[in-house]
Amino acid sequence: MGKHKIYTMSFASVYPHYVTKAEKKGRTKTEVDEIIRWLTGYSQEELEAHLEKKTDFETFFAEAPQLNPSRALIKGVICGIRVEDIEEPTMKEIRYLDKLIDELARGKAMEKILRK
């Protein structure tokens with residue numbers, strides 16, 4: 001089986017949907033960016049550069065400076081699948097991010113989202 005379509009999608013094409021989902025629930029773009037930086041280790045400048053370059057998801061996660069070791073604490077169901085049961089590494093990273101944005105939109109405190 002070939003690669004999943006999301007791997008070749010540009011991160012920049014999905015990013016506005018993360019921001020919109022958060023803002024609809026009274027959260028901010030700044031919080032979305034903080035979550036992404038926490039998960040990947042990118043600086044704000046690096047994140048913005050990837051958005052500008054329209055980096056695909058696979059490259060975005062492959063080039064992440066420091067994937068947060070606490071991301072293993074992210075549990076639960078996203079898109080009908082348990083995050084902790086996903087075996088493919090890139091898909092797992094994408095679903096971790098989806099789960100964190102979901103938690104933000106549901107009003108969870110940033111300290112809990114960032115597993116502090």
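## The loop between β1 and β2

Cys-79 sits in the loop that links β1 (77–78) to β2 (81–82). Strands here are DSSP runs of E of at least two residues, helices are runs of H or I of at least four residues, and both are numbered from the N terminus. Cys-79 is not a glycine, yet its phi is positive, about 55°. With a relative accessible area of 55%, Cys-79 is exposed. The classes used throughout are buried for under 20% relative accessible area, exposed for over 50%, and partly exposed in between (1.4 Å probe, protein chains only).

This is a predicted model, in which local features need pLDDT of at least 70 and side-chain atom pairs count only at pLDDT 80 or more, while totals for chains, interfaces and linings use all residues. Residues are numbered from 1 along each chain as its sequence is written, and side-chain values use heavy atoms, with hydrogens and water left out.

## Overall architecture

The protein contains seven helices and two strands. In sequence order the pattern reads α-α-α-α-α-β-β-α-α. Along the principal axes, the C-alpha atoms fill a box of roughly 35 × 30 × 25 Å. The radius of gyration of the protein is 13 Å, which agrees with the value near 13 Å for a compact globule of 116 residues. That radius is taken over C-alpha atoms, and the globule rule is 2.2 Å times the number of residues to the power 0.38.

Of the 116 residues, 48% count as buried. Contact means heavy atoms within 4.5 Å. Among contacts between residues at least 6 apart in sequence, 62% join residues at least 24 apart.

## Surface and charge

The accessible surface comes to about 6500 Å², and 52% of it belongs to carbon and sulfur atoms. Accessible areas come from the Shrake-Rupley method with a 1.4 Å probe; for residues, only the protein chains shown count as cover.

The protein has 21 positive and 20 negative charges, and their mean positions are 6 Å apart. Lys and Arg count as positive and Asp and Glu as negative, whereas His and the chain ends are not counted. Each charge is placed at NZ of Lys, CZ of Arg, CG of Asp or CD of Glu.

## Helix α3

Helix α3 covers residues 29–40, and its end C-alpha atoms are 16 Å apart, in agreement with the 16 Å that its 12 residues should span at 1.5 Å a residue. The expected span is 1.5 Å times one less than the number of residues. Just after α3, Gly-41 takes a positive phi of about 85°.

The buried residues of α3 are Glu-31, Val-32, Asp-33, Ile-35, Ile-36, Trp-38, Leu-39 and Thr-40. Their cover includes helices α2 (11–24), α4 (44–53), α5 (57–62), α6 (89–105) and α7 (110–113).

Asp-98 is found in α6 and is buried, with a relative accessible area of 14%. Leaving aside neighbours within four places in sequence, Asp-98 is in contact with Tyr-18 and Ile-78. Asp-98 and Tyr-18 are 80 residues apart along the chain, and their C-alpha atoms are separated by 8.2 Å.

Glu-103 also lies in α6. Its relative accessible area is 8%, so Glu-103 is buried. Not counting residues up to four places away in sequence, Glu-103 touches Lys-108, Ile-113 and Arg-115. The C-alpha atoms of Ala-105 and Lys-21 are 6.4 Å apart, although 84 residues separate them along the chain.

## Other positions outside the helices

Lys-54 is placed in the loop between α4 and α5. It has a positive phi of about 60° although it is not a glycine. At 56% relative accessibility, Lys-54 counts as exposed.

His-4 lies in the segment before α1 (5–8). At 41% relative accessibility, His-4 counts as partly exposed. His-4 and Thr-90 are 86 residues apart in sequence, and the distance between their C-alpha atoms is 10.0 Å.
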